[in-house]
Amino acid sequence: MSEGYVVIALGEKYIQLAKNFEDTLRQNGDNRPVHVVTQDMIDRDNDKYRDCDVPNERFNCYPKLHFNEFAVFDHNILIDADVLCIGDTQHVWDMCKEQDQFILHRGWGSVTGWNRNLQSKVSEVHGFTPPRIHGAFVYLRTSEINDDFFHWIQNEAWFEYTKWCTEDVKSRHHRLSRSDQVIYALGYGKFGLLPCELMETPIMTHILTANHANPPHDRINFKNLTGPKLDNPVAFAHIEQLFQESTPESFLR
């Protein structure tokens, strides 16, 4: 059964970031292949792509929602280009392959105040409760893909985004964009799926400032939160803002 990573890299900067990610995999003993999705692989001749309003929808949200089209392995991990491997990854693959769902994000299964109480509002209007989803890491098992799930998020939730969110969340998005995290969350709620707990699963920590450059690898940092000590080391670090040129501390400046 083949295993490998999928990285969406639409532009030269992101292709370089994908190469950096692969380098860090090799440095940590992971020799799994990395399938890099470039601009020429994106199907742009369809109503869904033409419905993209802003760059974040074209280059981030749309391709992430079409992960099933780029999943070339039996077991796939879609990971953001601005991620580095910082430790052993075997326990991540073992956990993903042993759990029951065909797809697995990180997030929170409980109801929080996320996105101005989006979860509670969707529950009241539509009768299901979406979890809170983070989109930097997604596992997909191709032998068990639920085509109805992907059809729903790529069509119904995409074209009727405001309806399923119960309000205009796009206008308050920091990039005035539909969110792959929100759409996947809606899909999880609609199809009875749950993420693994972000702070308690040793997959990925988050480096938001240079002060986090040497994080403890036995626990997860996320914004102002620090999780409990974990049994396995954290495998990946999401560099996020330090790979964005607009950030004063950016590695790219």
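Modeller: Asn46 is found in the loop between S2 and helix H2 (47-50); helices (H or I, at least four residues) and strands (E, at least two) are DSSP runs, numbered from the N terminus. With a relative accessibility of 13%, Asn46 counts as buried, a term that means under 20% relative accessible area, while exposed means over 50% and partly exposed lies in between (1.4 Å probe, protein chains only). A polar atom of the Asn46 side chain lies 3.0 Å from the backbone nitrogen of Lys48. This is a polar contact, that is, a pair of N or O atoms within 3.5 Å; within protein, one must be able to donate a hydrogen and the other to accept it, and residues adjacent in sequence count only if both atoms are side-chain atoms.

This is a predicted model, in which local features need pLDDT of at least 70 and side-chain atom pairs count only at pLDDT 80 or more, while totals for chains, interfaces and linings use all residues. Residues are numbered from 1 along each chain as its sequence is written, and side-chain values use heavy atoms, with hydrogens and water left out.

S1 pairs with S2 in the parallel sense over 4 bridges, and Tyr5 stands opposite Val34 in S2. S1 and S3 are also parallel, over 4 bridges, with Leu78 in S3 as the bridge partner of Val6. Of the 6 residues of S1, 6 are buried. In a regular strand the side chains alternate between the two faces of the sheet. Here Glu3, Tyr5 and Val7 point one way from S1, and Gly4, Val6 and Ile8 the other way.

Further along the sheet, S6 and strand S5 (residues 103-108) run antiparallel and are joined by 6 bridges. Tyr139 in S6 is the bridge partner of Leu104. Phe137 lies in strand S6 (residues 132-141) and is buried, with a relative accessible area of 0%. Not counting residues up to four places away in sequence, Phe137 touches Ile77, Leu78, Ile79, Val92, Cys96, Leu104, His105, Arg106, Ile203, Met204 and Phe236, where contact means heavy atoms within 4.5 Å. The C-alpha atoms of Phe137 and Val83 are 9.4 Å apart, although 54 residues separate them along the chain.

The axes of helix H3 (residues 55-65) and helix H7 (residues 147-159) come within 9 Å and cross at roughly 140 degrees. H3 and H7 are therefore oblique to each other: angles under 35 degrees count as roughly parallel, over 145 as roughly antiparallel, 65 to 115 as roughly perpendicular and the rest as oblique. Glu57, Cys61, Tyr62 and Leu65 of H3 meet Phe150, Ile153, Gln154 and Trp158 of H7. The contact of H3 with H7 has 6 nonpolar, 1 polar and 1 charged residues; Ala, Val, Leu, Ile, Met, Phe, Trp, Tyr, Cys and Pro count as nonpolar, Asp, Glu, Lys and Arg as charged, and the others, Gly among them, as polar.

At its start, a side-chain oxygen of Ser179 reaches to within 3.1 Å of the backbone nitrogen of Gln181. Just after H9, Gly192 has a positive phi of about 70 degrees. The loop between H8 and H9 holds Leu176, a residue other than glycine with a positive phi near 50 degrees.

Technical notes. Axes fitted to C-alpha atoms, helices over the stretch in contact; angles between N-to-C directions. Pairing = 2+ DSSP bridges.
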